Amino acid sequence: MNPDHKAIHSKIAPEAIGPYSQAIHTGSLIYCSGQIALDNKGTLHNSDITAETTMVMENIKAVLHEAGATMDHVVKTTIFLTNLDDFEEVGKVYAGYFQQPYPARSTIQVAALPKGARVEIEATAYVIS
């Protein structure tokens, strides 16, 4: 790996379920891998889309914290949904984690997500190192 890249690992967020890092910090950027609603014991919290989205956002928050950043540092997110009918509910939870100006965002409907999740969110944050 490039010596300027630092892998980020939070014990609060779930372990990566494949060959990837929870996040990579390089220069002034933190690239957070997509998070689903797994807790750090591997249990999926998907009783409803609100609970699932909340767990996803808490995972992102934990990974960012480990990298020395907060949700205020997030500049771009991508949301993957298995059903765009969940767009509004996901947006309500998501909005509670950010202040205006909100990060740039894309939302995409996908056929499936790992572990049967309904929502996955990835984030990019900017920090001055």
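User: How many salt bridges does the structure hold?

Analyst: The structure holds 3 salt bridges, a salt bridge being a side-chain nitrogen of Lys or Arg within 4 Å of a carboxyl oxygen of Asp or Glu. This is a predicted model, where local features need pLDDT of at least 70 and side-chain atom pairs count only at pLDDT 80 or more, while totals for chains, interfaces and linings use all residues. Residues are numbered from 1 along each chain as its sequence is written, and side-chain values use heavy atoms, with hydrogens and water left out.

User: Which side chain meets Glu-52 in a salt bridge?

Analyst: That of Arg-118, at 2.8 Å, N to O. Glu-52 is in helix 1 and Arg-118 in the loop between strand 5 and strand 6, so the pair links distant parts of the chain, 66 residues apart. Helices (H or I, at least four residues) and strands (E, at least two) are DSSP runs numbered from the N terminus.

User: Glu-52, buried or exposed?

Analyst: Glu-52 counts as buried, at 0% relative accessibility. Arg-118 counts as partly exposed, at 25%. Buried means under 20% relative accessible area, exposed over 50%, and partly exposed in between (1.4 Å probe, protein chains only).

User: Switching topic. Which residues of helix 2 are buried?

Analyst: Val-90, Gly-91, Val-93 and Tyr-94. They lie on the same side of helix 2, because they cover an arc of only 165° around the axis, taken from the directions from the helix axis to the C-beta atoms. The buried residues of helix 2 pack against helix 1, strand 4, strand 5 (104–109) and strand 6, with contact meaning heavy atoms within 4.5 Å.

User: And the largest nonpolar core, which members touch the most others?

Analyst: Ile-30, Met-57, Ile-60, Leu-64 and Val-119, out of 30 residues. A nonpolar core is a set of buried Ala, Val, Leu, Ile, Met, Phe, Trp, Tyr and Cys residues joined through side-chain atoms within 4.5 Å. Helix 1 gives the most to this core, with 8 residues.

User: What does Leu-64 touch?

Analyst: Ile-30, Cys-32, Ala-69, Thr-70, Met-71, Val-74 and Ala-125, not counting residues up to four places away in sequence.
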